[in-house]
Amino acid sequence: MREILGGEFAESFGIVFQRYRREDEGVIDLDSNATTAMLPQVVEAMLPWLSGNHSNPSGSYRSAKLARKAIDEARGHVADLIGADAEEIIFTGSGTESVNAALHSLDKLCGKGAAVVSSIEHSAVLRYVESRGREVVIMPVGVGGRIELDFLEKACGTAAYVSVMSANNETGVIQPLSELVRIAKENGLSVHTDAIQAVGKIPVNVRETPVDMLSMSAHKLHGPKGIGALYLRKGMPFFPLLMGGGQESGKRSGTENTAAIVAMGEAARLAKAAIQEGAPVQISAMRDAFEGRLLEKVSGCLQNGDRDHRLPNTSHLSFDGCDSAGLLILLDDAGVACSAGSACMTGKSKPSHVQLAMGIPEQRAKTSLRFSFSRLNTPDEALEAAEKVAKAVEKLRRVQGHGVGPVVIYTS
Ligand SMILES: Cc1ncc(COP(=O)(O)O)c(C=O)c1O
């Protein structure tokens with residue numbers, strides 16, 4: 001494997017992995033909520049299905065049956081990560097497709113009434129519900145970025161179904177999902193959760209929190225891009241989004257991407273092991289060291305979102321007076337990869353809908369950056385990154401302090 005990948009290796013949680021190196025050698029990757037690097041074990045698991053066995057898993061010959069067996073094993077690993085049964089997992093072409101398939105089905109299944117979602121959902125949810133012609137009720141969040149439960153109680157009377165995220169992609173704030181599910185169920189409503197940021201980072205269990213559907217994406221947990229999964233509770237009626245050859249028990253037609261599915265299974269298996277071995281605690285220690293250093297060292301640095309209900313890997317910070325677009329350029333130059341708002345919004349100067357929904361003033365929202373760690377980061381990197389961020393803030397403030405109008409930063 002090392003021969004295939006080349007480069008420098010390190011070990012964490014018993015996993016040998018390739019140190020993060022992109023074209024830009026030495027970059028510290030603090031953008032794991034956008035995507036994660038594939039683990040070598042994941043690449044290794046998928047290789048035989050890329051260059052060895054190319055059979056259609058629906059075939060009747062031996063090599064096809066092997067592909068089917070590999071898909072079923074992967075289904076078991078994904079189910080295991082969220083406490084589901086293998087038959088409850090449907091593979092999809094992305095996290096976005098998983099979300100759209102869930103909402104499509106709920107839309108067909110549920111009679112009159114509103115789609116109830118939160119104001120901080122990912123665009124995969126917001127754009128879909130807006131396109132249906134059904135009334136959409138948006139639940140507000142408090143200053144900490146958590147959904148207000150009182151609002152759901154009131155909205156239930158006119159609701160058809162509920163879709164809320166498990167954890168937010170920008171702030172990392174974990175939502176009160178168990179209470180939301182309880183309220184929805186008491187009112188006879190079906191619930192979908194976009195758990196794309198939560199799965200693989202914190203324990204998720206669909207038996208303890210009995211949602212009807214849950215969306216996941218492999219590339220957020222060290223698997224490949226372009227593969228996701230939908231958990232569909234046993235007995236829950238389902239109307240497929242994609243119809244055709246009847247793959248995935250008729251719930252998602254299209255010839256299966258065996259390599260990507262096998263890789264997602266391996267990523268799920270490794271994520272479960274890492275969570276059991278204490279990865280969330282170790283990642284939050286790195287995040288807290290990074291954040292603590294900045295809050296202490298940099299004046300006008302503020303943390304956004306509920307501190308006590310956060311993914312262990314995410315730090316969302318504002319830097320008073322610093323335009324986040326300028327900071328991103330300086331940090332890119334210094335070798336730190338991170339995001340302003342969500343990755344999908346980088347490059348737009350508009351503050352994100354998530355920050356505005358939390359009541360963060362527009363001026364402050366434009367100075368926010370998201371730093372997101374993974375188990376491939378090291379404690380040394382976390383501190384080095386904090387120094388680099390502090391320097392970038394100081395430099396930008398110095399330049400902006402001259403009051404010369406729009407800032408142009410020339411990078412080396
Ligand atoms: C909360 C959330 N939902 C949905 C998605 C979309 O997932 P994918 O990139 O796999 O389509 C993302 C990805 O950024 C996300 O963070």
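Asp107 sits in helix H4, where helices (H or I, at least four residues) and strands (E, at least two) are DSSP runs numbered from the N terminus. This is a predicted model: local features need pLDDT of at least 70, side-chain atom pairs count only at pLDDT 80 or more, and totals for chains, interfaces and linings use all residues. Residues are numbered from 1 along each chain as its sequence is written. The protein chain holds 13 helices and 14 strands.

**Asp107**

- Asp107 counts as partly exposed because it has 18 C-beta neighbours inside 10 Å. A residue is buried if 20 or more other C-beta atoms lie within 10 Å of its own, exposed if 12 or fewer, and partly exposed in between, with C-beta atoms placed from the backbone.
- Setting aside neighbours within four places in sequence, Asp107 is in contact with Arg132 and Arg134. Contact requires C-beta atoms, placed from the backbone, to lie within 7 Å.
- Phe239 is 132 residues from Asp107 along the chain, yet their C-alpha atoms are separated by 9.0 Å.

**Chain totals**

- Of the 412 residues of the protein chain, 49% count as buried.
- Among contacts with a separation of 6 or more, 70% join residues 24 or more positions apart.

**The seven-stranded sheet**

- Seven strands form an open sheet with mixed pairing, in the order E4-E10-E9-E8-E7-E5-E6. Two strands pair if DSSP finds at least two bridges between them.
- Strand E4 (89–92) and strand E6 (136–139) stand at the edges with a single partner strand each, so one side of each has no neighbour in the sheet.
- From one strand to the next, the twist averages 20°. Axes are lines fitted to C-alpha atoms, for helices over the stretch in contact, and angles run from 0 to 180 degrees between N-to-C directions.
- Strand E8 (residues 190–194) runs parallel to strand E9 (residues 213–217), and three bridges join them. Asp194 stands opposite Ser215 in E9.
- H4 lies across E4, strand E7 (159–165), E8, E9 and strand E10 (228–232). H4 runs at about 165° to E9.

**Strand E5**

- Five of the five residues of strand E5 (residues 114–118) are buried, so E5 is largely enclosed by the rest of the structure.
- In a regular strand, side chains alternate between the two faces of the sheet. Ala114, Val116 and Ser118 point one way from E5, while Ala115 and Val117 point the other way.
- E5 and E7 run parallel and are joined by four bridges. Ala115 stands opposite Tyr161 in E7.
- E5 and E6 also run parallel, again with four bridges. Here Ser118 stands opposite Met139 in E6.

**Ligand shell**

- The ligand is surrounded by 14 residues, and the closest are Gly95, Thr96, His122, Asn169 and Ser217. A residue is near a molecule or strand if its C-beta atom, placed from the backbone, lies within 6 Å of it.
- Helix H4 (residues 95–109) gives the most to this shell, with three residues.
- The shell divides into four nonpolar, nine polar and one charged. Ala, Val, Leu, Ile, Met, Phe, Trp, Tyr, Cys and Pro count as nonpolar, Asp, Glu, Lys and Arg as charged, and the others, Gly among them, as polar.

**Helices H3 and H8**

- The axes of helix H3 (residues 62–81) and helix H8 (residues 258–276) come within 8 Å and cross at roughly 35°.
- The contact is made by residues including Ala67, Ala70, Ile71 and Ala74 of H3 and Ile261, Val262, Met264 and Ala268 of H8.
- The residues of this contact divide into 11 nonpolar, three polar and four charged.
- Leu81 is in helix H3. Leu81 counts as buried because it has 27 C-beta neighbours inside 10 Å.
- Not counting residues up to four places away in sequence, Leu81 touches Val199, Ala268, Ala271 and Lys272.
- Leu81 and Asn205 are 124 residues apart in sequence and 7.9 Å apart in space, C-alpha to C-alpha.

**The three-stranded sheet**

- Three strands form an open sheet in the order E11-E12-E14, with antiparallel pairing.
- Strand E11 (301–303) and strand E14 (368–372) are the edge strands, each pairing on one side only.
- The twist in this sheet averages 30° from one strand to the next.
- E11 and strand E12 (residues 314–319) run antiparallel, joined by three bridges. Gln303 stands opposite Leu317 in E12.

Definitions and conventions
Contact = placed C-beta atoms within 7 Å.
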